[in-house]
Amino acid sequence: MLDDFSTGQPISYRLMKNIINSKQFNHAYLIQTNNYYKAEQLALAFAKALICLQGYTNNHECNNCCFCERIDNNNFPELKIIRPEELWIKKEEIIELQNAYSLKPLEGNKRVYIIYEPEKLNHQSANSLLKFLEEPQSNIIAILVTNNVQKIIKTIVSRCQIINLISNKLADYEKLFTDINDFSFLKLGLLTHQNEKELQKYLEDKENINKIKSVIEFISKLEKEYNDILLDINNLWHSYIKEKKDFIFAFNVIIFFYKDVINYLNFNKIEIFDEYQMIIKKIAANNDNTTLSRKLNKVISLKETITSNVNLNLLLDKLVISLGGV
Ligand SMILES: [Zn+2]
């Protein structure tokens with residue numbers, strides 16, 4: 001069940017759930033496993049939830065509807081699974097899939113196929129798959145599951161929405177995630193930490209949640225009433241952002257936050273800071289694209305000046321002027 005992954009893979013889980021709830025399907029998804037040991041089960045659970053008669057009605061999975069039950073018994077014609085036989089995935093298998101799915105569905109309205117290890121498509125089978133992906137039919141959804149995305153031809157990857165799983169080490173760390181319900185905090189951590197140890201350290205330090213909150217409140221205040229910020233600056237900034245490394249953290253928050261505002265303004269989409277939707281909407285309503293990009297660029301270039309001998313107070317002054325004073 002997809003719900004089984006709500007704690008082990010919280011971000012991908014929520015993403016998949018949103019896809020199913022919103023009924024905004026892509027034609028192809030590429031799951032990057034990062035060696036997550038239950039990746040195959042997750043891919044199957046996602047496929048099941050896509051096909052399920054009830055989806056997430058009432059925000060829950062079905063209690064095994066007749067489709068789900070037959071998927072469990074490996075007896076459902078609208079879900080096909082392809083994996084390499086020995087070294088390669090042969091062209092014949094892709095052709096067979098295409099033929100089977102060229103006819104109208106026998107049951108349900110969605111057909112899904114999963115390809116495990118698509119990096120093992122040989123040249124010919126990759127081309128056949130590409131053709132299939134290039135002429136998408138609305139009711140066919142592909143799920144590719146790989147640990148070697150760099151070995152898949154780029155034209156295939158570019159057709160897919162990427163779903164990045166958290167690696168084993170972190171996923172095993174379920175305890176860490178279960179008591180975090182702040183997804184902005186999680187997503188920001190995953191985006192700003194390449195190194196797993198650093199990420200663990202970040203996640204364990206719950207003070208980071210407060211730092212994010214406070215920096216965003218600081219932005220919100222600054223956007224509304226530039227003059228008043230000087231009174232609040234102690235409260236909102238100095239209580240949390242003290243050393244150079246806090247400044248780098250705070251600047252990252254601001255950069256990703258403004259990216260979300262720009263995303264919201266242009267695509268109605270928030271990628272990280274869902275929890276701060278109200279603030280994002282207000283800022284998007286009060287700024288145009290040009291102003292927002294100018295602010296973002298300014299913050300990025302200020303962040304680059306954070307070196308060993310930077311004067312932090314001066315830097316903060318510059319930040320306040322860049323965001324509020326123009
Ligand atoms: Zn079902």
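Contact here means heavy atoms within 4.5 Å. On that basis, Ile 270 touches Asp 260, Tyr 264, Gln 277 and Ile 280, leaving out residues up to four places away in sequence. The model is predicted. Its chain has 326 residues, of which 48% are buried, and its secondary structure comes to 16 helices and five strands.

**Overall build**

- Taken along the principal axes, the box filled by the C-alpha atoms is roughly 65 × 40 × 40 Å.
- The chain is divided into domain 1, covering 2–168, and domain 2, covering 202–324.
- A distance of 38 Å separates the C-alpha centres of domain 1 and domain 2.
- Of the contacts between residues at least 6 apart in sequence, 72% join residues at least 24 apart.

**Surface and charge**

- The chain carries 40 positive and 40 negative charges, and the mean positions of the two sets are 3 Å apart.

**Ile 270**

- Ile 270 is found in the loop between helix 13 and helix 14, the latter spanning 277–286.
- The relative accessibility of Ile 270 is 15%, so this residue counts as buried, the cut-off being under 20%.
- Ile 280, one of the contacts of Ile 270, is ten residues away from Ile 270 in sequence, with a C-alpha to C-alpha distance of 8.7 Å.

**Arg 111**

- Arg 111 is found in strand 3, which is made up of residues 111–116.
- Arg 111 counts as buried because its relative accessibility is 3%, against a cut-off of under 20%.
- The side chains of Arg 111 and Glu 78 are joined by a polar contact of 2.9 Å.
- Beyond its neighbours within four places in sequence, Arg 111 is in contact with a list of residues including Glu 78, Ala 100, Tyr 101, Asn 139, Ile 140 and Ile 141.

**Lys 242**

- Lys 242 is found in the loop that runs between helix 12 (229–238) and helix 13 (244–267).
- With a relative accessible area of 55%, Lys 242 is exposed, since the class begins at values over 50%.
- Setting aside residues up to four places away in sequence, Lys 242 touches Phe 247 and Leu 312.
- A polar atom of the Lys 242 side chain lies 3.3 Å from the backbone oxygen of Ser 239.
- Lys 242 and Glu 107 are 135 residues apart along the chain, and their C-alpha atoms are separated by 61 Å.

**Positive phi at non-glycine residues**

- Lys 23 is not a glycine, yet has a positive phi of about 60°.
- The place of Lys 23 is the loop between helix 1 (10–22) and strand 1 (28–32).
- Lys 23 counts as exposed because its relative accessibility is 62%.
- Asn 34 is not a glycine either, and has a positive phi of about 45°.
- Asn 34 is in the loop between strand 1 and helix 2 (39–51).
- The relative accessible area of Asn 34 is 30%, so Asn 34 is partly exposed.

Definitions and conventions. Residues are numbered from 1 along each chain as its sequence is written. This is a predicted model: local features need pLDDT of at least 70, side-chain atom pairs count only at pLDDT 80 or more; totals for chains, interfaces and linings use all residues. Side-chain values use heavy atoms; hydrogens and water are left out. Helices (H or I, at least four residues) and strands (E, at least two) are DSSP runs, numbered from the N terminus. Buried means under 20% relative accessible area, exposed over 50%, partly exposed in between (1.4 Å probe, protein chains only). Lys and Arg count as positive and Asp and Glu as negative; His and the chain ends are not counted. The place of a charge is taken as NZ of Lys, CZ of Arg, CG of Asp or CD of Glu. Domain bounds come from an automatic or database domain assignment. A polar contact is a pair of N or O atoms within 3.5 Å; within protein, one must be able to donate a hydrogen and the other to accept it, and residues adjacent in sequence count only if both atoms are side-chain atoms.
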